[in-house]
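Here are my notes on the model, as numbered points. Please read them with the structure open.

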Amino acid sequence: MRRFILGEFTEPDACVEAVRRLREEGVGGLDAHSPYPLHGMDDALALPRSKVPIVALTGGVLGALGGYTLQWYLNSKAYPINVGSRPPHGFWTNIPITFESGVLIAVLSIFFGSIFGFFALPRTYHPLFESERFRTASLDAYWISAETSDEDAVPELEKKFREVGAHKVHSVVESV
Amino acid sequence: MRTRRCAGCTKTSAATICCTSWERGRAPPLVPLPLIEGSQDDGTLNKSLNAYVWQPPQRGWLALFLIGLAGTGVLFSAIAITIAKGIGMWGNNIPVGWAFGIINFVWWIGIGHAGTLISAILLLFQQKWRTSINRFAEAMTLFAVMQAGLFPILHTGRPWFAIYWLFPYPSTNSIWPQFKSPLMWDVFAVSTYFITSLLFWYLGLIPDLASLRDSSSSKRARIAYGIFALGWRGSARHWHHYKIAYLLLAGLATPLVLSVHTIVSWDFALSILPGWHTTIFPPYFVAGAVFSGFAMVMTLMIPARRYMKLKHVITARHLESMAKVMLLTGLIVFYGYLMEHFAAWYSGNLYEEHVFFSTRPRGPYAWAYFTQMFCNVVVPQMFWTRWARRNVWTLWIGSVLVNVGMWFERFNIVVTSLHQDFIPSNWAMYYPTWVDFSLLFGTICFFGTLFLVFLKFIPAVATSEVKELNHELHEGGGMSELEGARP
């Protein structure tokens, strides 16, 4: 049974600062929720460098290689067409499509890699949405959350949340 | 040094004006207009930017929507006739084998380019004025590329075969496309462009769909927006990747958009026809695309910001910046025209000279040539004056004329070059048919209909990004008038 302690803030900077303090105090499973990315939050959560660029580069390189190979194979092996005695394999004329396929696969891997991989979306349910008030997280409030499976740790965490300045603290439990 | 009394205050100084006109209640000459008007916070922005989605459709919207649907009906009838009877229903014939289909294709693709420019290139250049208009412009890109895509597919005559004529599709015939043709490159460029624009737009939309889900009052709306928001919960761990993903998509869209119109121009430039066979085509086409695209954004945005009550986030500053981009790209296009003519004269080639100095300015389509020159060269010059850049009427009329001018530019490139080529015995006039006109008119209506649906169901301004910008502007503190002046 997953439990989340939620704390609401009205000011973004206070929210970032609170996350930093909680992390330094050793609170695990921390996350923050805001309508837009908050400045300094990556630092406060001590997040490692994002791997999206690696995914993009891999996709781009594979796409470009695939695009080139496709053109080379189809035009010089599978179905060579003689146009004015030009060689069937034209390096320069293959460049535009190689570029386009590189971009296409890079874009697809960034988008689907982010959605399915990094965000683990789409999902129809998340325990946080048990709290009706949490809906302001996409509108005009800044939230922090901490996940715990230990029911006894909840009061202690709630107290910590209040100490760092959350003006509204409550906890939600995953409904099974 | 002579001292004078300032007209605006009681101080005396060397200059006639010591206190700025700003202090007297007018915007000073060198201080840009605000990006977001009035004092806004997340709550008021949420309300005002999403208001149009939540209110019931207005009569004006419904009337336009019905007109759009009727026009879309015309489009689909024209498509049905084209498919049933063949492209003989169009006015194309030898020597003018390419006509309205390609003109409209290039025109629509060009219009789309402003969306990518605003959303991607201005993001990379950290131009803050892009933030309120990027969603709008990206939607325009998507819908414009959809219209553009129709024409090459219809031009194949048998669209149901187009899939294996255009894409490397493994059929039992074992026939494969010829990748040395710019037309083939075009297929890859345009489809990559459409997919990239769609995904970039959708990624930007996810936080706003979540905000619509969370501010909805009915269960139906909550479920509907909830499905499209994919369960987004604004997690900092997600934003961490999201920011990079968004930036990378912008970084990829930037060379992509340049490549797309470059490749479109190669459709022409790689042939040997006088009027097409020019090295200036790629940059000149890209500039023309951005020019017409900004004109279309302006045409749509001026009425939309008024009726959707978005003047506080799409301010005179945005319109002025767009007018400046139009002026700049208009000048690049003008340079392209000059260079085409210069190269024709300098080459000493009889056929080149014939196109640029006889056929276009003095031939039977001279009226189209002068329409193009007037709309694309003369009209944008008014944007040198601040008055014209800040007056919605001059902006709107100017932008409509630019759109007309850019359509005629493509008409001149395609039809005028083709109708009188090398051998006079081969010359013939081109006359579009009613099916041609219906397709052009129909795509405009279809585009408008899609746009109206977008305005009604999705916030036309990127709410999440405007909130972030608003927050950034307030962090500066103090000189509110100057905020947003620097990137």
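This is a predicted model: local features need pLDDT of at least 70, side-chain atom pairs count only at pLDDT 80 or more; totals for chains, interfaces and linings use all residues.

1. Take helix α2 (residues 59-85) and helix α15 (residues 434-457) of chain B. They pack at an angle of about 140°, and their axes are 7 Å apart. α2(B) and α15(B) are therefore oblique to each other. Their crossing is left-handed. By class, the contact of α2(B) with α15(B) has 15 nonpolar, nine polar and one charged residues.

2. Now the pair α3 (residues 100-124) and α14 (residues 392-419) of chain B. The packing angle is about 140°, with the axes 9 Å apart. α3(B) and α14(B) are therefore oblique to each other. α3(B) passes α14(B) in a right-handed crossing. On the α3(B) side, Ile102(B), Ile103(B), Val106(B), Trp107(B) and Gly110(B) take part. They meet Met406(B), Trp407(B), Arg410(B), Phe411(B) and Val414(B) in α14(B). By class, that contact has eight nonpolar, one polar and one charged residues.

3. Chain A holds an open sheet. Four strands form it, in the order β2-β3-β1-β4, and the pairing is antiparallel. Which strands stand at the edges? They are β2 (30-33) and β4 (168-173) of chain A; each has a single partner strand, so one side of each is left without a neighbour in the sheet. From one strand to the next, the twist averages 25°.

4. Strand β1 (residues 3-9) of chain A pairs with β4(A) in the antiparallel sense over six bridges. Arg3(A) stands opposite Val173(A) in β4(A), and Glu8(A) stands opposite Lys168(A) in that strand. β1(A) also pairs with β3(A), in the antiparallel sense, over seven bridges. There Phe9(A) faces Tyr142(A) as its opposite residue in β3(A). β1(A) is mostly covered, with six of its seven residues buried.

5. β2(A) runs antiparallel to β3(A), and four bridges join them. The bridge partner of Ala32(A) in β3(A) is Ile144(A). Leu30(A) and Ala32(A) point one way from β2(A), while Asp31(A) and His33(A) point the other way. Are these four residues buried or exposed? All are buried.

6. The chain interface deserves a check. 50 residues of chain B are in contact with 54 residues of chain A. On the side of chain B that touches chain A, α1 (42-54), α6 (182-215), α8 (236-269) and α16 (463-476) of chain B each supply at least two residues. α8(B) gives the most, with 16 residues. By class, this side of chain B has 24 nonpolar, 17 polar and nine charged residues.

7. Val107(A) has 27 other C-beta atoms within 10 Å; the cut-off for buried is 20 or more, so Val107(A) is buried. Which residues are in contact with Val107(A), leaving aside its neighbours within four places in sequence? They are Ile195(B), Thr196(B), Leu199(B), Leu249(B) and Leu252(B). For scale, Val107(A) and Gly90(A) are 17 residues apart in sequence and 26 Å apart in space, C-alpha to C-alpha.

8. The bond from Leu121(A) to Pro122(A) is cis, with omega near -5°. Pro122(A) lies in the loop between α4 and β3 of chain A. In chain B, a cis peptide bond joins Ile94(B) and Pro95(B), with omega about 10°. Pro95(B) lies in the loop between α2 and α3 of chain B.

9. Two serines call for a look at phi. Ser85(A) has a positive phi of about 60° although it is not a glycine. Ser85(A) is found in the loop between α3 (52-78) and α4 of chain A. It is exposed, with 5 other C-beta atoms within 10 Å. Ser174(B) has a positive phi near 55°. Its place is in the loop between α5 (159-166) and α6 of chain B. Ser174(B) is exposed, with 8 other C-beta atoms within 10 Å.

Technical notes: Residues are numbered from 1 along each chain as its sequence is written. Chains are lettered from A and ligands numbered from 1 in the order in which they are written. Two strands pair if DSSP finds at least two bridges between them. Axes are lines fitted to C-alpha atoms, for helices over the stretch in contact, and angles run from 0 to 180 degrees between N-to-C directions. Two residues are in contact if their C-beta atoms, placed from the backbone, lie within 7 Å. Ala, Val, Leu, Ile, Met, Phe, Trp, Tyr, Cys and Pro count as nonpolar, Asp, Glu, Lys and Arg as charged, and the others, Gly among them, as polar. Angles under 35 degrees count as roughly parallel, over 145 as roughly antiparallel, 65 to 115 as roughly perpendicular and the rest as oblique. A crossing is left-handed if the near helix is turned anticlockwise from the far one by less than a right angle, and right-handed if clockwise. A residue is buried if 20 or more other C-beta atoms lie within 10 Å of its own, exposed if 12 or fewer, and partly exposed in between; C-beta atoms are placed from the backbone.
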